[in-house]
Amino acid sequence: MSLEDKVGDKESKGFIKKAAKIGWKLGMAVATTALSVPLVGTLGVVVGCAFAVGGLVGNLARGKSFYDSIDSSLTIYSAVNAIIYPMVWLGDTTFPLINNATTGGKLLRGLYASIAYNAAFVGAFRGAGHLVDNYLNPKGIVNSIKKDFWKDWAVIGAMFSPFYYGAANNIAQLTMYHPWTGYNAAPTFAVGAVPVGFAHNYWFGKDKQKEIYGRSPDAQ
């Protein structure tokens, strides 16, 4: 096969297409990081990485290819960084509306966070993920948000409820032990993001061929 034929064959075109897609998503990761850091410091980076790593391990564990797992994790990271500031603002604005001076108030805040606040997070995350996956083209974004929305809302709300409760009740950081550095504080959402990201992709993916957004890895 000539060099010209080799470059133009289906396999080479597929490789170039995949490389271009990963390049786009790396660019989106950089762009969304640049967007979030001036607004929330490193919170978006830490939480985004935590969700992405949990999702990556979960996808690999359930048999997805390395390329598809990296592709999905880059989407997760960028989506989190794109919506982190609005979600922080929403929490800062609405959590204090519920008086948490009593145990009942604390529980009510946690319930609100797991239900209404979680719905806002899932919807915003899915919308941002659609834009990243589709080169900022909003066509079909409503369907991407709606597809399996209530399933994700219920699953994430349940798994993330202890961390929602903590964040809603002003527990912004949790102390975690790191084998190299000892005890350190980590953002509450980041602590929960790794196990929730793993569990969501490993146990609650429709099958081993579907993306987190309900599309086949080859769908555009």
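These are my notebook entries on a predicted model of one protein chain.

**Ground rules.** Residues are numbered from 1 along each chain as its sequence is written, and side-chain values use heavy atoms, without hydrogens or water. Since the model is predicted, local features need pLDDT of at least 70 and side-chain atom pairs count only at pLDDT 80 or more, while totals for chains, interfaces and linings use all residues.

**Overall layout.** I looked up the secondary structure and got 8 helices and 2 strands. Both kinds are DSSP runs numbered from the N terminus: helices are H or I with at least four residues, strands are E with at least two. Along the sequence I read α-α-α-α-α-α-α-β-β-α.

The chain has 220 residues, and 44% of them count as buried. Buried is under 20% relative accessible area, exposed is over 50%, and partly exposed is in between (1.4 Å probe, protein chains only). I then checked contacts, meaning heavy atoms within 4.5 Å. Among contacts with a separation of 6 or more, 70% are between residues 24 or more positions apart.

**Aromatic pairs.** How many aromatic pairs does a search of the whole structure find? I noted 16. Rings of Phe, Tyr and Trp (its six-membered ring) pair if their centres lie within 6.5 Å; planes under 30 degrees apart are stacked, over 60 edge-to-face, and the rest tilted.

I picked Phe95 and Tyr117: their ring centres are 5.1 Å apart and the planes are at 45°, so this pair is tilted. Phe95 is in the loop between α4 (66–94) and α5 (103–133), while Tyr117 is in helix α5, so to speak a link between distant parts of the chain, 22 residues apart. Both Phe95 and Tyr117 are buried.

Next came Phe160 and Phe163, also a tilted pair, with 5.4 Å from centre to centre and 50° between the planes. They are 3 residues apart in helix α7 (residues 149–168), which means about one helical turn separates them. Buried or exposed, I asked of Phe160? Phe160 is buried at 3% relative accessible area, and Phe163 is buried at 17%.

One aromatic cluster includes Phe95, Tyr117, Phe160 and Phe163, and Phe51 and Phe189 are among its other members.

**Ile145.** I found Ile145 in helix α6 (residues 141–146). At 25% relative accessibility, Ile145 is partly exposed. Which residues does Ile145 contact, leaving aside neighbours within four places in sequence? I listed Gly123, Arg126 and Gly127.
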